[in-house]
Structures are given as structure tokens and as C-alpha cells.
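This report describes how two protein chains are built and how they meet. Please keep the sequence and the structure in view while reading.

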Amino acid sequence: MNPHSAPGAGPLSIVRSLWHHKQLIFVMTKREVIGRYRGSVMGLAWSFFNPILMLAVYTFVFSEVFQSRWPGQEANKGSFAILLFVGMIVHGLFAECANRSPLLIMSNSNYVKKVVFPLEILSVITLGSAIFHTAISLIVLLGAQFILTHTLYWSAVFFPLILAPLLIATLGFSWLLAALGVYLRDVGQVIAVLTTVLLFLSPVLYPVAALPEAYQPWLKLNPLTYIIEESRNVLLFGQLPHWPSLGVAMLVGLAIAAMGFWFFQKMRKGFADVL
Amino acid sequence: MSSEDSVISVRDISKCFYTYDKPSDRLKHSIMPRLQRRLGAPVSSYGREFWALRNIDFEVMRGETVGIVGRNGSGKSTLLQIICGTLMPTAGNVETRGRVAALLELGSGFNPEFTGRENVYLNASVLGLTREEVDQRFDAIAGFADIGDFIEQPVKAYSSGMIMRLAFAVQAQIDPAILIVDEALSVGDARFQAKCFERLRQLKNNGTSILLVTHSSEQVVTHCNRAILLDQSRLAMIGPSRAVINRYLDILFGRDKPAQENAALQDGSALSAGGSNHTRDEDGPTLDFLTDAYSRRSGYNAHEYRWGDGAASLTDFHLCAGGHVFPPQIAPGEEVVLHLALRFNRTVINPILGLTLKTKEGVTVYGTNSYLLECSSADALGDAGSQARACLKFVNRLASGDYFISIGIASREGEAIVPHDRRYDSIHFVVSATPQLLGLIDLAATMDFDQVSNNAQA
């Protein structure tokens, strides 16, 4: 690795960088996950308690207090919470990465100024730790589903496949936001508001079908809409993924990742000057 | 293409930093000039420029140790960061061949929350080592750092010395092609520093090129083949360490005008052409007051560093010890007599003649001057065109080894010292073996023993 040659910005460089730094990514992701709970008495168990507590609260508030019913679904204690929880998991994965990205480079200025560090993997590590928490939440979700409805669908194995385009696109957004965040400190504030808005403008608390027909096409422009709806289909309704749209989503995801990476690599030369 | 053996080529590097009054100026600066250039409009600037480096150009060869010196803010760290690749130059380019390991400031790249062991693995993999390679070297690294059980503690619990030890241990054990050390070693205790320099010497013998930034001139003279002096963002001098260090010390302590250096001294010789060329005194040897006989004498060090404004010149010297003239070796305890020829080209008020003795490593053993010695006969000297001779005597109490004498004429101008002719390290002499002592100087210690009989206590 010659630090003086211009960093590659093409899509192939992404693969090369990920492969070359696979050990580093693994070690640092592990550290990131464990480090979050380091020093707490319960340790890693917190990563389980968090989703369990959240799910318990949703069940109580929506099923007991509001007595909400998911449009088109039979009333069943806890079913609303589970439907909600799927959307929360998907949105949470994206929101966590998006919120942390603008500060990623700034909070690791050591890696910018003092060593020649493959900065692009910082986004990968953030994503990796978010994936870990998503996986834990998924286990909690499947457990709750089994206890409350006594059914699990084999189509749930396609969930990672549904999530894949989102993961790839999130990485692209993360690179873009990380690079922008170095130069424009306002990005962090904007993103915090946007991710909250996104929670309500995605079909997390309601299905797309619950909207008036006039609004439905607009909601479908939100990339999270497709992912959340499909996730519910494979996890909770036992439906197979819609393959053509998955293919399109994958291509869009790859394009976003390639653009984010290109932008990041172009901007990184100036990081050390600004920090 | 430069020679095969060059591992670092720095070509005409400049680095400009911008400072902005408002954060929005930074944004405008990154967009507007490009836009204006494309539209053909005049380019406006939103930031203030600060040039940290200007037109730096040099090469470092394989196995060479190069010291970089300069005052605070002269651009040393910026240069190192550019060579490491953490900063991009504004103009020019850098090429490095092989793995670059760098110790930039303290604890470079350590994560304070992780343990020492984890940081070693992290740091080494950043440098491109695989887990297996680190496994192989871990014991060597931990052994070198020698921080005991702290290796399993988070780095935030470390003392600054421990951080430096661990950081150096990692960098030094991975056999880099280029090792860059930025002042970090000064944190270590003397014993660890010695260990570091021993390791640096091994690396150097194995072909590692080392760039060393330090404020210790002794370290540069002792460990570096060459040195680079940066002053006000420019490369002021590059060459043999001793010469560069002398120049550096002048910049630090003197008010110098290096451009005037020897040219003024040459002019001066014409002024006093009327004076007698050779003098022979009953109480002194023959000295030449007109030409620079100084540099033809035996014992003269051609690598001397000479500078001054030329108002006075040191034209000749005569060294005598224990009755031997220009002795090849000076025995311990002998009286050393040094005669000097001085010529005043312009009027100098209250001239001061200084003498300094240094070891070959650059350690000052002794120094004094006519002002400190309250030598009132010097005050009367200094009329333009006049000549004078000085006789310095001291008893050789130095331990065996090589020494250099520096001589200088200066005068005071208020608080400041104005150097007229300084000839640093201009005379070399050797002190013959002194088997009775260690160290630098003979303090003439004595020892006495008395047998005490056991009965005496009863």
C-alpha cells in the first residue's frame, strides 16, 4: 500500500479494500460491539435486554393502552407490536448508521492524522456493529413471534437477502455522510432530524395499504418502504420475496454504494487539513 | 527516475493551510474558485493562506539516518506527516518505497479504551501485518516495551512513558523500510532511550532508513549521517549533521545573517594590507595576521562551521601542549597553550573572545570567554585595522578521546551578542589514553583505606 498514490475510487477498489482489511474490520467490529457495553455490569446481555424491553413496551402500549389493530390483520395480543417491531428493526439499522456517520471521521481523528489508516473501513465497522444489533433484535423478534403466535415461516430465511440492498446502500450513504460531515458540521444535525422524519414517513407504524391511494405512490418512493414491506412479507406472512424488485433494489443499492465510495475517496485527501 | 537506493524522494513539496474566519467561508472556498475558474470570472479567495512548507526537495537513501531539526513551527511535523501520507502536499510529490512506520507524537493510533495487547494487534494490522505475523512478533514487542502486566490494561491507564514504549516497540519490531520518529523518544527514561537507539542502530544496519526529529542536537550528531534544517517553512540547509546542528544552534541563539558569512571575511583582508604580515614575539610563536593561515594549520578541522559579520577575523592559531608544537596527542595533565591571531577589519567595541571545548558527540565540556573571565586587557582592543594576539592556557583534565575547540569573537550590542567571526569545531585534538578514569573529565579523586580491626568496636 503506497500512501502517496491516489486512493482508488472505483467500485472494484471497494471489494479490494474490504478483502485486504478483512481481519482489521472483524477485530474492530468486535471491539465496537463489546466496547459499547464494556464497564457495565450486565455486559453483552444488554444487547438482548434492549430489544426485549422495547418489544414489551410496544406490546403493552399498543395492544393494551391503545388497543390498536393492524389494518387487514386479526386482533391478537402482541401481533401489532411484532408488525411494528419489524419496521423498527429495519429503520433502526439505517438510522443508526446514518446518525453516526457524520461524526465518524471527526471522532477518529487519530486515524486521520497520526497513522495511514484505511478510513473507508470505519463506515464498514459502523455497519457491522449495527448488523450485530439487528441480528439480536431479529432473534428476539422470532422468539416473540413463536411464543405469541406459535408460528414461524420458513420464508424468514430470505430476510437477509431482503436486507442486503439496504445494507449496501447504507454503506454508500455512510461514506457520503462521513465525508460531508468533516467539512460541514451541520450535516449531523440535519441527519438527526431526517432520520426521525423518516421513521414516520416509512410504513413502520402502519402498512402502505392503510394510506389513501393518492399518497401510496409517494410513500413507495421512500427506499425503506420496499424493504420494510418485503421484510414483513417474508417474516410474518410467509410469502416469498418478489424477485424482480429485489434485483432492482440490489442494483440501486450497489449504485449508491459506488457513488458514496467515490465521493469519500475524492474527499479524503483534505480530511487531515480540516481536522 | 532517481537512483535505486533512494527510499524517500521528496520533490519540491509545498504545503499551504487555509484559515477561515467563519465555517461558511470554508464552504465558499471549496466551491466558488472552481466555479469562477470555469466561468472565466476572477477567482476570489475566502481564506487566509499559511505556507507551512515551501519547495522542500531531498532524497533519503537506504539505510541512512537523517535528522530533521528546526525551531518550533518551522514545518518539521508537517513534513513528516506528508512523508507518512497522512497529509497531502499542496504542490510537489513524495515517493516512498517499502513499509513506512511512524511514531508521530504520542500513542499514534492507539485507542485509549483498548488494552495494550489489542492495540498492538490493531496497530500492526494497520501497518499491513497479518494476525499470524503479529502472533510471531508479539513476545518480542511486549519484551521490548517491558511494561509488565500493563499490557493487559486499557491504554488510557498508561503513563506517557509507557505509551511511548509500546508505540516504539510496535514500530521497531515490524522491520519497516522507513521509520519516522517525531520527538517521541524524549518521553522515555534514559535507559529506554539507550535501548531505542540500540534498536535504531540494528534497524539501520538491516537497511532501514530512519528519519529522526528531535530537539537534542547530541542525538542528531551521534546518530544521524545527515541532517536537514528547516527554517521558516524552507529547507535552510542539508548536509553533514555537525555542520547542520551548528547552523541550527545559531538560528536558535544567534541573530545571524548567514549570507554574509565568508564573503565579508575575504573583503577584510584587503583592508589591513598595510599591516605586517608575520610577527615574531619573544613571548609567542609566529602568527599570520593577513591570510587565513588558520585553515592550513595541523589539527585544523575542515568541517568547521564558520560565520559572522566579518568585523573581526581569526586568522591563525598555534597549539602547543607539554612543549610539543601542534601535538598529535595531548597527554593528561599537560598544559595546553593556544595562541590566536585576531584582526579587526572594522571598529569593534569591547570585543569578547570565546572558547568552547566539545566532545566529538557534540557535548560541551567546557566554555568560557574573556568577558566571563573579566579579562580587562581585551576591552582596549578593537580599533579598525588593528591586530591582536591572544594566548589561552588551560590544563588538560579531559578523559581520553577526540575533542573539538570552537573559537569566536563577538561583541555586545545591548542585550544581543553580535558575532564577528565564529569558527565552531575548528580545531581538533586527541587526548591520549587515561586508564585511571571513566567519563569526560579528571576530577583527581583520591582514595584512602584504613584497616579497621574487629577489636576496635568492642
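## Helices of chain A

From the N terminus on, the elements of chain A run α-α-α-α-α-α-α-α-α-α-α-α. Chain A thus holds 12 helices and zero strands, where helices (H or I, at least four residues) and strands (E, at least two) are DSSP runs, numbered from the N terminus. The model is predicted: local features need pLDDT of at least 70, side-chain atom pairs count only at pLDDT 80 or more, and totals for chains, interfaces and linings use all residues. Residues are numbered from 1 along each chain as its sequence is written, while chains are lettered from A and ligands numbered from 1 in the order in which they are written.

The pLDDT is the predictor's confidence in each residue, from 0 to 100. In chain A its mean is 86, and 96% of the residues reach 70 or more. Among the elements of chain A, helix H7 (residues 159-183) has the highest mean pLDDT (93) and H12(A) the lowest (80).

Of the 275 residues in chain A, 41% are buried; a residue is buried if 20 or more other C-beta atoms, placed from the backbone, lie within 10 Å of its own, exposed if 12 or fewer, and partly exposed in between. Two residues are in contact if their C-beta atoms, placed from the backbone, lie within 7 Å. Among the contacts in chain A with a separation of 6 or more, 78% join residues 24 or more positions apart.

## Where the chains meet

In the interface, 23 residues of chain A are in contact with 30 residues of chain B. On the side of chain A that touches chain B, two or more residues come from each of helix H2 (22-37), helix H5 (109-113) and helix H12 (271-274) of chain A. H2(A) gives the largest share, five residues. By class, this side has 12 nonpolar, five polar and six charged residues; Ala, Val, Leu, Ile, Met, Phe, Trp, Tyr, Cys and Pro count as nonpolar, Asp, Glu, Lys and Arg as charged, and the others, Gly among them, as polar.

## Strands of chain B

Two strands pair if DSSP finds at least two bridges between them.

| Strands | Sense | Bridges | Opposite residues |
|---|---|---|---|
| E3(B) (residues 65-70) and E8(B) (residues 226-231) | parallel | five | Ile68(B) and Ile228(B) |
| E8(B) and E9(B) (residues 234-240) | antiparallel | six | Leu230(B) and Leu235(B) |
| E13(B) (residues 312-321) and E14(B) | antiparallel | two | Ala321(B) and His324(B) |

E8(B) and E9(B) form a hairpin with two residues between them, and Gln232(B) in the turn has a positive phi of about 50°.

Elsewhere, four strands of chain B form an open antiparallel sheet in the order E14-E13-E15-E18. Strands E14 (324-325) and E18 (387-395) of chain B stand at the edges with a single partner strand each, so one side of each is left without a neighbour in the sheet.

## Nonpolar cores

A nonpolar core is a set of buried Ala, Val, Leu, Ile, Met, Phe, Trp, Tyr and Cys residues joined through C-beta atoms within 7 Å. The largest has 147 residues, and those with the most contacts inside it include Leu84(A), Phe85(A), Ile83(B) and Ala227(B). Helix H4 (residues 79-104) of chain A gives the largest share of this core, 16 residues.

Beyond its neighbours within four places in sequence, Ala227(B) is in contact with residues including Val66(B), Gly67(B), Val69(B) and Val244(B). Apart from this core lies another, of 33 residues, among them Leu398(B), Ile405(B), Ile409(B) and Val431(B).
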